[in-house]
Amino acid sequence: MGNLDIYTIEDEIAYLQGLGTFKKPKLLMHACCAPCSTYCVDYLYPYFDITLYYYNPNIMPDDEWRKRADEFSKLITKYPEVKILIPDQSTAEFLDLVKGYEKCPEGGERCSICFNHRLLKTAHEATNGYDFFTTTLTVSPHKNAELINEIGRQCGMLAGVKYLDSNFKKKNGYLKSIQLCAELDIYRQTYCGCRL
Ligand code: SF4
């Protein structure tokens, strides 16, 4: 991938803080699940008009996908201005994309395909009036933020919308997400998503 301009969540927050008063920019945040969203929303809530985009056709089986989707209702009891968007999605489409990569270990090529698919879909959705898009994926200690951000930037370039780099693991983000899940009684799954 070529080098693309990097613009981070922290850059945007510093810019907004410099303005003093501001209208919150519209942020479409790809949300892999409610647990990872807790800290990201908590951190960004004062600065952005947030819509969470639950597009994860990689999560299987269907019951698990639904269970994770339902947990967002608990999140918005604490952050009522956050909107949740759940588009149509198909496990069959995901399985088709990762055909031949089933045996890759977590963190390998299958995951890059998976990230790219979800972020490209989010980027295209973000062209519907959002200022930026980003993803909650970088809060996980199991996920490579650098790789995710590189893919995010590329997807933003293809769709024509600005991607905000993040590394929500900073500032104890993962630990805080666990604490917020306990506070809001949010179910925390024990596996990433696919069952291959
Ligand atoms: S392990 Fe997670 S990120 Fe990797 S392909 Fe499966 S669902 Fe996607």
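This is a predicted model: local features need pLDDT of at least 70, side-chain atom pairs count only at pLDDT 80 or more; totals for chains, interfaces and linings use all residues.

Visitor: Why is Asp 185 called exposed?

Guide: C-beta atoms, placed from the backbone, are counted within 10 Å of the residue's own: 20 or more others make it buried, 12 or fewer exposed, and anything in between partly exposed. Asp 185 has 9 others in that range, so it is exposed. Its phi is positive, about 55 degrees, although it is not a glycine.

Visitor: How do you know that Lys 171 counts as exposed?

Guide: Its count is 11 C-beta neighbours inside 10 Å, so Lys 171 is exposed. Lys 171 belongs to the loop between β5 and α8 (173-184). Lys 171 is not a glycine either, yet its phi is positive at about 55 degrees.

Visitor: What makes Glu 64 partly exposed?

Guide: Glu 64 has 14 other C-beta atoms within 10 Å, so it is partly exposed. This residue is part of helix α3 (residues 62-70). Pro 61 is found in the loop between β2 and α3, and a cis peptide bond with omega of about -5 degrees joins Met 60 to Pro 61.

Visitor: How do you know that β1 and β2 pair?

Guide: Two strands pair if DSSP finds at least two bridges between them. β1 and β2 run parallel and are joined by 5 bridges; Leu 28, for one, stands opposite Thr 51 in β2. On to the next strand, 3 bridges join β2 to β3 in parallel, and Thr 51 has Lys 83 as its bridge partner in β3. β1 is also joined to β4 (residues 132-135), by 4 bridges and again in parallel, with Met 29 opposite Thr 134.

Visitor: What makes β3 and β5 the edge strands?

Guide: The open sheet has 5 strands in the order β3-β2-β1-β4-β5, with parallel pairing. β3 (83-85) and β5 (162-163) each pair on one side only.

Visitor: Why is the unit of β1, α2 and β2 called right-handed?

Guide: The term applies if, with the strands pointing away from the viewer, the path from the first strand over the helix to the second runs clockwise. β1, α2 and β2 make a β-α-β unit of this right-handed kind.

Visitor: What makes a group of residues a nonpolar core?

Guide: It is a set of buried Ala, Val, Leu, Ile, Met, Phe, Trp, Tyr and Cys residues joined through C-beta atoms within 7 Å. The largest one here has 40 residues, and Met 29, Cys 40 and Ile 50 have the most contacts inside it. Elements giving it two or more residues include β1 (26-30), α2 (34-44) and β2 (49-53). In β1, 4 of the 5 residues are buried.

Visitor: Which residues surround the ligand?

Guide: They are Asn 58, Glu 106, Arg 110, Cys 111, Cys 114, Cys 192, Gly 193 and Cys 194. Each counts as near because its C-beta atom, placed from the backbone, lies within 6 Å of the molecule.

Methods. Residues are numbered from 1 along each chain as its sequence is written.
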